[in-house]
Amino acid sequence: MTSDAQERADLAEILGRCRYGDALAWEALVRQFQSRVYGIAFHYVGDAEDARDLAQEIFVRVYRRLDSCADEHMFLPWLVRISRNACIDFLRRRKGRPVAAECSEEDLARSRAPGLNPEEHCAADFRSRLIYRAFRRLTALNREVILLREILELPLEQIAGLLSIPLGTVKSRISRARVELAQRVTALGLQPDDSG
Amino acid sequence: MKEECSQFESQLSDLLAGILPLPASIRAQEHMSSCRKCRRLYKTAVGELDLLAPGAGQSLAVEILKKTSGPACQRAQDGISEFIDGALTPGDSRILFMHLQACPSCAEILRTLTETRSAFRPMARIQPGTGFTEEVLAATTRRSVPADPGKTGSRRWRTDLLHRPRLAWELAYLFTLILLVTVGNPALMSMDALRGKVRFAWTVTAVELERVSAAGLAGVEGTAEHVGERMGRRLAEAEQSLGSLWDRSRKITAAVLATDITPAGMFLPRIRTILLNIGRGIGLDRTFSRAMRYLEWMR
């Protein structure tokens, strides 16, 4: 059994147990997906503390609606949908409050890729910082499609379903968003040798 | 010389095709060595000489595009996106790369996007910090279920059912259903009559819940059917004593019994949904919330 298949089988088992109220399985589910949910919330709202509260709210919603998730194949898109809806609700509630435009060094450090040596860590941090700044400067529409496609790596069809728009529109939005991202990264001074 | 040049030009196609007779071919070669114009003509014909000055080809292409379809950068940028997604055919890729060789701004976009892709992956998972899991568990799990290897099969199923975190809510809804169809609208009754009827409804609920637990041995579907049948019979008995409430009861009962019940987890939430919808439809939603408060008061 491949690791993907094993992961799916594990998820199916965990979801099945969660539906019958197994607290241990629920804890396993939370631990498995908390970094992903927090990541989504953080990228939507741009503030670490708000994202933490929001991620907690998302898990409460997930807990209440677990019965409506058909199977483990659809769990991730379902989770992203719930997270997105919660984030949009939060942003509506927060309307009028100032939005944090930049993430802190601590927040960025949390997103470091594991298993890199110190030199690679520095390069990764430099790149991450530039790319994150470019990402935060995108328009809300473009930022969302970059989040869904590049960061969460959702298939185009799932993005179309999530945003309730045709596949062709998704492709053109992603194309526009990528061009804007590339232009902003270039403007912020990312050079090929910097990746190093 | 002009005659020789004219003869060379007339023989050029045969010379290129290799079908010019040998003596004529030798004369043509000798003429080329002495005539710069014909030598240049031959080199152009075999592709050894570009008639355009260096760099002039690119500007010519730009001029032609200006007068025809316009710059192809927009289409190229869509192509770059498709190329990154791995959705571009080899033929389209070749056409795209011909554009990229001539268009530095589009080439820069592709290079930047290719470099940034790997940096996005770690951004998908960000650790929320210590204590987050515990906070989520505290906000969701009301009662923990420690693993008990001694309990298997039907006992485990029953234990799991009874320890469901949402069971308290589900029981409350089930009780409210029975309360509504046997007692009616609590807000319209006197307190003494209400207490008596609530006790009766509570007894009915207790009996039904006992049977639910016992029927757990027969499996999930059996339990759901059992509950539906038992409630149906109880409601039929309620018809005689509750008179005018029968129409209301019948609507609720029909909706509950018509439900396609499969997994146990869907059963009680579905009743809740049905009740809420019916309650909204026939103006019982306020009664429903009052009944919930009475339920808490009785406990």
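Let's start at one residue: leaving aside residues up to four places away in sequence, A:Leu181 touches A:Ala134, A:Phe135, A:Leu138, A:Ile146, B:Leu113, B:Thr116 and B:Phe120. Touching here is a contact, meaning heavy atoms within 4.5 Å. A:Leu181 sits in helix α9 (residues 167–187) of chain A. When I say helix or strand, I mean DSSP runs, numbered from the N terminus: H or I with at least four residues for helices, E with at least two for strands. With a relative accessible area of 1%, A:Leu181 is buried. For that word, buried is under 20% relative accessible area, exposed is over 50%, and partly exposed is in between, using a 1.4 Å probe and protein chains only. There is also a C-alpha distance worth looking up: A:Leu181 and A:Ile131 are 50 residues apart along the chain, and their C-alpha atoms are separated by 8.4 Å.

Quick housekeeping. This is a predicted model, where local features need pLDDT of at least 70, side-chain atom pairs count only at pLDDT 80 or more, and totals for chains, interfaces and linings use all residues. Residues are numbered from 1 along each chain as its sequence is written, chains are lettered from A and ligands numbered from 1 in the order in which they are written, and side-chain values use heavy atoms, with hydrogens and water left out.

Now chain A as a whole. It has 9 helices and 0 strands. Of its 196 residues, 50% are buried. And if you take the contacts in chain A with a separation of 6 or more, 65% of them come from residues 24 or more positions apart.

Which helix of chain A is largely enclosed by the rest of the structure? That's helix α7 (residues 140–151), because 10 of its 12 residues are buried. The buried ones include A:Arg143, A:Glu144, A:Arg149 and A:Glu150, along with A:Ile146, and A:Ile146 is one of the residues that A:Leu181 touches.

Just after α7(A) comes A:Glu153, with a positive phi of about 55°. Most residues other than glycine have a negative phi. A:Glu153 is in the loop between α7 and α8 of chain A, and it is partly exposed, at 40% relative accessible area. A:Ser164 also has a positive phi of about 55° without being a glycine. You'll find A:Ser164 in the loop between α8 and α9 of chain A, and it is exposed, at 63%.

Next, some helix packing. Helix α4 (residues 75–93) and helix α8 (residues 156–163) of chain A have axes that come within 11 Å and cross at roughly 35°. Axes are lines fitted to C-alpha atoms, for helices over the stretch in contact, and the angles run from 0 to 180 degrees between N-to-C directions. Who meets whom there? On the α4(A) side we have A:Pro77, A:Val80, A:Arg81 and A:Arg84, and on the α8(A) side A:Gln158, A:Gly161, A:Leu162 and A:Leu163.

On to the rings. Over all chains, the structure holds 10 aromatic pairs. Rings of Phe, Tyr and Trp (its six-membered ring) pair if their centres lie within 6.5 Å; planes under 30 degrees apart are stacked, over 60 edge-to-face, and the rest tilted. One of the pairs is A:Tyr38 with A:Phe42, which is stacked, at 6.2 Å centre to centre and 15° between the planes. Those two are 4 residues apart in helix α2 (residues 23–45) of chain A, so about one helical turn separates them. A:Tyr38 is buried at 1%, and A:Phe42 is buried at 2%.

Compare B:Phe83 and B:Phe97, an edge-to-face pair at 5.3 Å and 75°. B:Phe83 is in helix α5 (residues 73–84) of chain B and B:Phe97 in helix α6 (residues 90–102), so the pair ties together parts 14 residues apart in sequence. B:Phe83 is partly exposed, at 33%.

Within chain B, α5(B) has the highest confidence, at 89, while helix α13 (residues 246–257) has the lowest, at a mean of 54. Over residues 143–152 of chain B the pLDDT is below 50. Where pLDDT is low, the predicted coordinates should not be read in detail. For the model overall, the scores are ipTM 0.78 and pTM 0.54.

Technical notes
pLDDT = per-residue confidence, 0-100.
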